[in-house]
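The following exercises are to be worked with the sequence and the model in view. Each task is followed by a solution in steps.

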Amino acid sequence: MDNRLPEVDFCGLRISRLVLGANPFGGYSHQSPERDRAMVDYYTVARIKETWRRAEAAGITAMVTNNETPHVVQAVREYRAEGGKLQWIAQLNGRDTEAMLQSIDKAVAIGCRALYFHGGVMDRVYSERDESALRTWCAHARSHGVPVGVAGHAPEVHRWVAGLDLVDFHHQVG
C-alpha cells in the first residue's frame with residue numbers, strides 16, 4: 001500500500017503537505033519549564049529517530065528541526081547516517097553573522113535540504129534593519145545550493161524581508 005501523502009513543490013523539493021515539526025524533541029513547550037524538562041527527558045535520541053521512522057511510514061516526507069539542541073542534532077546525524085528518508089529543513093539559530101555562517105555550513109554538512117533563519121533571530125535582524133547580515137547569510141546559504149527562508153513573529157518582519165527579495169520562503173511563527 002502506498003502511504004504517500006499529497007505532495008507540493010517546495011522551492012524545487014517534492015515534500016508532503018504535512019511536515020513534521022520538532023519543538024517537543026528540544027523541550028520547547030511554550031508552556032512551563034517543567035513541561036520543557038518532561039519533553040527533553042522523554043524524547044531521547046532513540047525516540048526521536050523512532051518518531052521519524054513512524055512519520056516516514058505514515059507518508060510524511062519532510063521534517064523541521066533546529067540546529068542547536070545537542071541531542072536533536074545528534075538524532076539528525078544518526079538518522080541521516082542510517083539512511084533516514086525524511087528531508088530535513090533546518091531552522092538556524094546563529095546569534096551573530098559568524099555563528100550563522102557556521103550554522104549554515106554545519107546544517108549543510110549534515111544534509112539539510114533547505115534552511116531558514118529562526119524567528120527570534122529575524123525579529124532582532126528586523127528591529128535593527130540589519131540588511132547586510134541577512135544578505136550575507138542568504139548568499140552564503142545559496143552558495144551551498146539550498147533554498148533559504150526566514151521565520152518571524154510579526155508580519156512586519158516578512159514584509160521587510162519580502163521587500164529585499166532575498167529568500168525563497170517564509171515561515172510565520174505563532
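**Exercise 1.** How are α3 and α4 oriented to each other: oblique or roughly parallel?

*Solution.* The model is a predicted one, in which local features need pLDDT of at least 70, side-chain atom pairs count only at pLDDT 80 or more, and totals for chains, interfaces and linings use all residues. Residues are numbered from 1 along each chain as its sequence is written, and side-chain values use heavy atoms, with hydrogens and water left out.

Step 1. Locate helix α3 at residues 45-57 and helix α4 at residues 70-81. Helices (H or I, at least four residues) and strands (E, at least two) are DSSP runs, numbered from the N terminus.

Step 2. The two axes cross at roughly 50° and come within 9 Å. Axes are lines fitted to C-alpha atoms, for helices over the stretch in contact, and angles run from 0 to 180 degrees between N-to-C directions.

Step 3. Angles under 35 degrees count as roughly parallel, over 145 as roughly antiparallel, 65 to 115 as roughly perpendicular and the rest as oblique. The helices α3 and α4 are therefore oblique to each other.

Step 4. On the α3 side, V45, I48, K49, W52 and E56 make the contact, and on the α4 side H71, V72, Q74, A75, V76, E78 and Y79. Contact means heavy atoms within 4.5 Å.

Step 5. Sorted by class, the residues of this contact are seven nonpolar, two polar and three charged. Here Ala, Val, Leu, Ile, Met, Phe, Trp, Tyr, Cys and Pro count as nonpolar, Asp, Glu, Lys and Arg as charged, and the others, Gly among them, as polar.

**Exercise 2.** Describe how α7 packs against α5 and against α8.

*Solution.* Step 1. Helix α5 (residues 97-110) and helix α7 (residues 131-143) have axes 10 Å apart, at an angle of about 20°, which means that α5 is roughly parallel to α7.

Step 1. T97, M100, L101, I104 and D105 of α5 meet A133, T136, W137, H140 and A141 of α7. The classes in the contact of α5 with α7 are six nonpolar, three polar and one charged.

Step 2. The axes of α7 and helix α8 (residues 155-164) cross at roughly 65° and come within 12 Å, so α7 is roughly perpendicular to α8.

Step 3. E131, L134 and R135 of α7 touch W160, V161 and L164 of α8. The contact of α7 with α8 has four nonpolar, no polar and two charged residues.

**Exercise 3.** Is K85 buried or exposed, and what does K85 touch?

*Solution.* Step 1. Buried means under 20% relative accessible area, exposed over 50%, and partly exposed in between (1.4 Å probe, protein chains only). With 64% relative accessibility, K85 counts as exposed.

Step 1. K85 lies in the loop between α4 and β4 (87-92). Not counting residues up to four places away in sequence, K85 touches E56, T61 and Y79.

Step 2. The C-alpha atoms of K85 and E56 are separated by 7.1 Å, although the two residues are 29 residues apart along the chain.
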